[in-house]
Structures are given as C-alpha cells and as structure tokens.
Amino acid sequence: GWKIYEPLPQTDEEAVLWKRFEQEWAVWKADDQKLNQIISELARLQGDPASIEKQQKALFTRFYAEYEQMRPHYNAAEKTLGEVIELNTRLADSAREDADALAQTMTTLMVITAAAMLALITFIGMAIARGIIQPLQQAVGTAEAIALGQLDSSITPQTQDEVGQLLTAMANMQAGLKTLVSDIHQMALAAEHGDLTRRINM
C-alpha cells in the first residue's frame with residue numbers, strides 16, 4: 001500500500017505530514033529491528049535448562065525495556081498517520097461537496113478518486129496496527145503475566161515468524177517454571193513430614 005500511496009498527488013500540507021510520518025516511521029523501524037534481534041537471540045539460546053532460563057529472563061527484561069522505549073516513537077508515527085487520514089477525509093468530503101456542483105461525469109470521477117484514496121489510507125493504518133503492533137502487544141502482555149507469577153496463561157503461537165518463536169519460548173519457559181514451583185511445593189510437603197531426602201529435579 002505504501003508504494004501505491006506515495007506517487008499519488010498530495011497537497012502541500014499533506015506532503016509535509018507524510019514526510020514527517022516517514023521520518024517517525026524510520027525511527028520506529030530502527031527500534032523494531034532491536035526487538036527482532038532480541039527475539040532472534042531468544043530463539044538461538046543454548047545450554048542447560050538453568051542457564052537458558054537465566055538468559056531468557058535477561059532477554060525478556062531487555063525486550064520489555066526496548067518495547068517501552070519504542071512505544072512513544074510508534075505513538076508519534078501513529079498520530080501523524082492519523083492526521084494524514086483526517087486530512088484526506090476532509091479533502092474527500094470537500095471533493096464530494098465540490099463535485100455536486102459539477103456535471104454527473106465529473107462527480108462520479110472525483111467520488112471514486114476520493115474513496116480510493118481514503119480506502120488506501122485506511123488499509124495502511126490497519127496493516128500497521130494488525131500486522132505489527134498487536135502481535136508484539138500479545139508477547140509483551142504474556143511476558144508481564146509471567147513476571148507477575150501468573151503461570152497459567154494460554155500461550156498459542158499463531159505464526160512461525162520471530163514473534164511466534166518468542167511466544168513458543170515463553171510457553172516453554174512457563175512450563176519449566178510451573179514444574180519448578182510444583183517440585184518446590186512437593187519438597188516442602190516432604191520436609192514437613194520429616195523427609196529431607198527429596199530434591200528438585202533440574
């Protein structure tokens with residue numbers, strides 16, 4: 001959609017907004033690459049379970065910090081894109097009002113052009129929100145739940161990309177933590193009954 005939109009005619013105000021959006025989007029994409037790097041590191045973790053768990057916690061901490069840092073950049077790009085959409089909506093409305101005064105042929109042509117432009121801008125906004133931010137928000141929400149000790153979250157990766165790999169790693173870590181908590185509980189019960197030989201399986 002981006003390549004289709006850029007060559008379209010733009011007003012001076014729209015050109016300024018779009019240039020600002022491109023700059024803000026470039027900053028956000030740089031942040032997004034950092035998140036992808038962390039996700040790739042998570043997918044390549046090696047070592048014994050205790051070492052992997054330690055590395056995962058450190059990477060999740062980095063991931064959350066980077067996400068919090070990138071959020072204002074995305075919000076700025078989203079705000080500018082909203083202004084572009086709002087401007088195009090006003091332009092479309094104005095075009096429709098002007099078209100009413102013209103011949104039927106010109107009216108039809110201008111309405112089609114305005115509707116196509118509005119649909120394209122809406123498509124770009126939906127693609128950004130659904131294709132990028134929502135999967136990341138799901139991953140961050142899951143990480144926050146695990147950090148709060150909620151180990152019963154349903155983690156079902158829907159894709160095989162980096163975010164899907166991240167959710168798979170989270171599911172594995174959550175399962176390991178649940179097993180560890182259960183083992184500690186069983187060891188405590190055994191100790192209460194005088195059995196001090198029980199150990200945690202690592």
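This is a predicted model: local features need pLDDT of at least 70, side-chain atom pairs count only at pLDDT 80 or more; totals for chains, interfaces and linings use all residues.
What percentage of the 202 residues in the chain is buried? Buried residues make up 30% of them.

**Whole chain**

Begin with the entire chain, coloured by secondary structure. It contains 5 helices and 0 strands, and from the N terminus on the elements read α-α-α-α-α. If contacts with a separation of 6 or more are drawn, 67% of them join residues 24 or more positions apart.

**The aromatic cluster**

Next, select W18, F21, W25, W28 and Y74, and show their side chains. These residues form one aromatic cluster. The count of aromatic pairs comes to 4, and two of these pairs are visited here.

Centre the view on W18 and F21. Their ring centres are 5.1 Å apart and their planes stand at 35°. Stacking requires planes under 30 degrees apart and edge-to-face over 60, so the pair of W18 and F21 is tilted. Both residues belong to helix α2, which spans residues 12-43. They are 3 residues apart, about one turn of the helix. Is this pair buried or exposed? Both W18 and F21 are buried.

The rings of F21 and W25 are stacked, with 6.0 Å from centre to centre and 25° between the planes. About one helical turn separates F21 from W25, because the two are 4 residues apart in helix α2. Both F21 and W25 are buried. F21 thus takes part in a tilted pair with W18 and in a stacked pair with W25.

**The crossing of α2 and α5**

Now select helix α2 together with helix α5, residues 162-192, and display the helix axes. The axes come within 9 Å and cross at roughly 50°. The crossing in which α2 passes α5 is left-handed.

Which residues make the contact? On α2, select N36, I39, S40, L42 and A43; on α5, select E162, V163, Q165 and L166.

**Final view**

To finish, show helix α2 with both selections displayed. W18 and F21 lie in this helix, and α2 also supplies N36, I39, S40, L42 and A43 to the contact with α5.

Notes. Residues are numbered from 1 along each chain as its sequence is written. Side-chain values use heavy atoms; hydrogens and water are left out. Rings of Phe, Tyr and Trp (its six-membered ring) pair if their centres lie within 6.5 Å; planes under 30 degrees apart count as stacked, over 60 as edge-to-face and the rest as tilted. Buried means under 20% relative accessible area, exposed over 50%, partly exposed in between (1.4 Å probe, protein chains only). Axes are lines fitted to C-alpha atoms, for helices over the stretch in contact, and angles run from 0 to 180 degrees between N-to-C directions. A crossing is left-handed if the near helix is turned anticlockwise from the far one by less than a right angle, and right-handed if clockwise. Contact means heavy atoms within 4.5 Å.
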